[in-house]
Amino acid sequence: MTATLQPPAEVAPARTGLPFVRWFKNPWRKPRILEAITWIYLAWSLLPVAIAVLFSFNAGKSRSVWQGFSFRWYWQDPDRSVWHDADLHAALVHTLLLGVLTTIIAVPLGVAFALGLDRWRGRLPQFWNIQMLLSFVVPEIILGVSLYFVASQLPVNTPLQAGTWGQVIGLVTFQMSYPVIIVRARLLTIGKQYEEAATDLGASSIGALRRVLIPMLLPAIFASSVLVFADVIDDFVIVRYLSSGADTESVAVKIYNTARGAPTPALNALASLLLVASFGAIVIGYLGYRFLTRGEGESSLGSFAGQL
Amino acid sequence: MRHSREHALSEDRSKDPNDQQRGDGLSRRSFLSRGAAAAVTLPSMAAFLEACSKKDTTGGTVGTGPAPTATFSVASPENPVKWPIFDDNKPIASGLTPEQNATLNVYTYVDYFDKGAIKSFEKKYQKYNVKVTLTTFEDTTEAIGKIRTGGVQADIYNPSYDQIGKMVTAKLVQPINHDYIPNIANVWPTYTNPFYDQEWQYTTPYVLYGTGIAWRADLVSEDIAAMSNPYDIFWNAKYEKKMSVLDDYRTCMGMVLLRNNLSVNTYKAEDLDLVHKQLSLLNQTTKPKVNVTDYTDVPTKIVSICQAWAGDAVNMVSYMPQGQSPDVLRYWSPTGNENMTDNDLLVLLKESKAPVMAHLLLNHMLDYEVSIGTFSFTGYQPPQNKITPEELVSSQFIPKNLASAVVLQKDWESGQHLLELPPDVDSQWQAVWQQFKAGA
Amino acid sequence: MSVGSQRSRWIWPGFALPGVLWLAFLFLIPLYVVLCLAFGTLDPIFRSPVPEWNPLQWDTTQVAFVFSHIFGDDGIFGPAIVRTVVFVLLASAGCLLISYPVAYFVCRFGGRRKGLLLALLIAPFWISYMMRMLAWVNLLQTDGWVNKALSAGGIFPVHVSWLDGRPSTVIMGLTYGYVPYMILPLYAGLDRIEPSLIEAARDLGGSRWSTFRQVTLPMSKPAVIAGLLLVTLPMVGDYFTNDLLSGSPSTSMYGNLINNAILVPAQVGQGATFLIIMFIVLLIPMIYYVRATARAEGDTV
């Protein structure tokens, strides 16, 4: 489609005025201003992070004066590197643990919920569909604080007590809507015909679901797993309110707690490692999604992004 | 004034029209149902109950509670308190073997517990395979809330002494068995019988902190120490957005009270009203940051002047950017009765799963070498007998320009302390603070 | 088949049941707990919140306290609320001003580089919000790179303390933090507009600007609204951006009111009240979004 917007050779721009005005008045000129805005935006959006990553390799204690390249803050420093500071690497491990546990619970729950909502007729499923969408759009602080209140009112040693399981339960509540929305969208594109064909051929509803529908839903299930995982490891609000102490603080909470003090570049290193985990998940997700949707002709980054 | 437990319980509350009166937020029904009746035997809590039962109609100008009552008595140098030891909360027996594979969780401020001390402790008791973890809080009110609700499970907690009464009453802390803590001999003798915990039944001292003002001589032209009222500098519009005050309601509001020659433990609504007005003015004129990161903000020039604990001033030296001299740092704190000097404590929480090991850690923290480690890590001075100010300066532990940041035993003895406030008064303090923090 | 359909009538609700229970217990009941705390009382010793579970015995003291202290002489919460409205409006406008041209360019003129551009646009989405704020904390320090860049390598020394509690820094931070959440829905919305429509407009002699104004802009309105909602809703409850980039009460926002209150036991009831007010105020935009989404799902059937 962009090809059709190329300037036809015979259209000559008005030959009056200054070169700039001429250029500006040319209806087929390239959108230089938009392009400039886009690249400036991208620089503004990504350079700060790139610089923060760069400083995780700083040999000195400063986060703004470059003192040479080293892996000091990753593992060389015997006390304060991510590897040797138990608090920092525990935060990383805990963050990944939350990501895995939440994904394992939220995705099956969400997929079943999506299937149920899709086929269950009546007013009730509409009500729950709205609740689900509400839990998707509600500001996280509302969910986080209300769960924090619940946790603080419950007796000790109940599952929702602040701590790893409290965090997982809170995160599942917040994230469950992702798989539901993505799977429902996929169900709509698939339509009913495959399943009907299977039942016509004698399969039971469950059989048709297992043999026909689930394989067709795999890309959506896979994509939502990746999205939930990547979103959970970046979560801050719920994880902070439901943390019970240093051992249940995620990387984001550590950053919040220490960024206002005098962090060393070890904090940048920790954040960079999380970044690697996030992008690793996304790349795996993208490749896996492409693999699962091969032959469907729409396996572009765009359709993967469209899942967002 | 002193209600007996029986008296408090025998009052016929159901006929009392005030029973349903919850306007002051003090429902005695819920008070009793929380099982806190035992508290009544404590003089302070008895006085508090009396405060509850009096329907005070004068009304405070600040907050929602009734006007503060002056009959509440708390631990203070004039009124030292020996806390009771309850039958169901006794110290552990002597001579027990430390627990195997214990993980001790210490609940403390950020950057307030030397990791070197943890390493040396874990090494010392290696054969028991002990591990120590840290959980951190931003302020003690939040911390005590989490301890109460089980939000945080810790073995050792780092309170200020204004919380001891509440914690003993609610049995959140357990009494200490002194047999495990021979190192108490290393600290100032006053701490074996401090006013806030006579006979040190529940607490061991941690570090001292005077409160004052730190500034950079290169960015501030005034000699703050020489001003007739040094605190006025915080209201000097010249330094708008160039200053910070401590994010601790007692300490920061205490500063305003000291500025006006008032008690830092005031119960008076008019004093609190004055504090409120001056803090509002502060928000309008100089817009200070409210945080506890002054020890790095001054060296990096984010602020030029800050309210600071003495330890922060000492810490600033090590946070100066490379190539910049700490000579520009200054610290002032008042002397005599106008100074505000306190110390933090370590206590053993009731919920501890490894109380013997936790005792050993308390003892470890009072060791001289460990204390020196704590001092250099936190910048705050432990009250060790062997640490003398002269020695600190001569050994270049503290630069000469910051010698004023050394806390002397006489400062502690002559200064004002931030004492525990009765709950209703405390709420009014909190309300003033909330207002300040809301930027109003 | 008939036996199967008898059974299958209960299969699908059965599938939905775990999710339904989950939402009921962990989304709706917690909201009720918030109400019970807002309308609850205080424990007299610890001044900690005591929830009142029975709606008939709800105590309005704390809610009344909050409402009576929003405006007027005792208006201690008013300034923070006004500030929040101003900051959020400015930052949302900033997000829109940035993301519309960017999404438009990538969608229309991305060409062969579209894949790369999209990947770059999505990237901040997967970088932890805290890391992105940390990056700015580093850059905005007095000896940080922003001042270095402004002083053009030390020629005109610039010593702006960006982090000293200025509203502009907070608004910039909010814009920076939430912009990616707007670009993606905008891009998706613009991508859905048929290119043939635009070509038709151009063929009929429309200039670039008039085509944009009369075709693209109206057609992208739903995406703009969705994008605005997606950034505005979380911004209202944001307290961490402010904490990290300012830390001064003079920039306290609504999220800070909530966060400060719920950590002080005596003020938990007020915190709960703040939360309820926020929920009610945001309910209209939330419902709007939910209905639009639900309708979009229905349309494609």
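User: Two strands pair if DSSP finds at least two bridges between them; which residue in β6(B) does Leu246(B) stand opposite?
Analyst: Leu246(B) stands opposite Asn291(B) in β6(B). This is a predicted model, in which local features need pLDDT of at least 70, side-chain atom pairs count only at pLDDT 80 or more, and totals for chains, interfaces and linings use all residues. Residues are numbered from 1 along each chain as its sequence is written, and chains are lettered from A and ligands numbered from 1 in the order in which they are written.

User: How many bridges join β5(B) to β6(B)?
Analyst: Three bridges join strand β5 (residues 243-246) of chain B to β6(B), residues 289-291, and the two strands run parallel. Strands (E, at least two residues) and helices (H or I, at least four) are DSSP runs, numbered from the N terminus.

User: And what about β7(B)?
Analyst: β7(B), residues 305-309, is joined to β5(B) by two bridges, and this pair also runs parallel. Here Ser244(B) has Cys306(B) as its bridge partner.

User: Which way do the β5(B) residues point?
Analyst: Met243(B) and Val245(B) point one way, while Ser244(B) and Leu246(B) point the other way. All four are buried (20 or more other C-beta atoms within 10 Å of their own; exposed is 12 or fewer, partly exposed in between; C-beta atoms placed from the backbone).

User: Now chain C. What is in it?
Analyst: Chain C has 13 helices and two strands. Of its 301 residues, 52% are buried. Its C-alpha atoms fill a box of roughly 85 × 75 × 35 Å along the principal axes.

User: How many residues of chain C touch chain B?
Analyst: 40 residues of chain C are in contact with 42 residues of chain B (C-beta atoms, placed from the backbone, within 7 Å). On the chain C side, β1 (41-42), α2 (61-68), α3 and α12 each give two or more residues. That side has 18 nonpolar, 15 polar and seven charged residues. Ala, Val, Leu, Ile, Met, Phe, Trp, Tyr, Cys and Pro count as nonpolar, Asp, Glu, Lys and Arg as charged, and the others, Gly among them, as polar.

User: At what angle do α3(C) and α12(C) cross?
Analyst: The axes of α3(C), residues 78-109, and α12(C), residues 254-262, cross at roughly 135 degrees and come within 7 Å. α3(C) is therefore oblique to α12(C) (under 35 degrees is roughly parallel, over 145 roughly antiparallel, 65 to 115 roughly perpendicular, the rest oblique). Axes are lines fitted to C-alpha atoms, for helices over the stretch in contact, with angles from 0 to 180 degrees between N-to-C directions.

User: Which residues meet there?
Analyst: Ala80(C), Ile81(C) and Thr84(C) in α3(C) meet Tyr254(C), Asn256(C) and Leu257(C) in α12(C). By class, this contact has four nonpolar, two polar and no charged residues.

How values were computed
Contact = placed C-beta atoms within 7 Å. Pairing = 2+ DSSP bridges.
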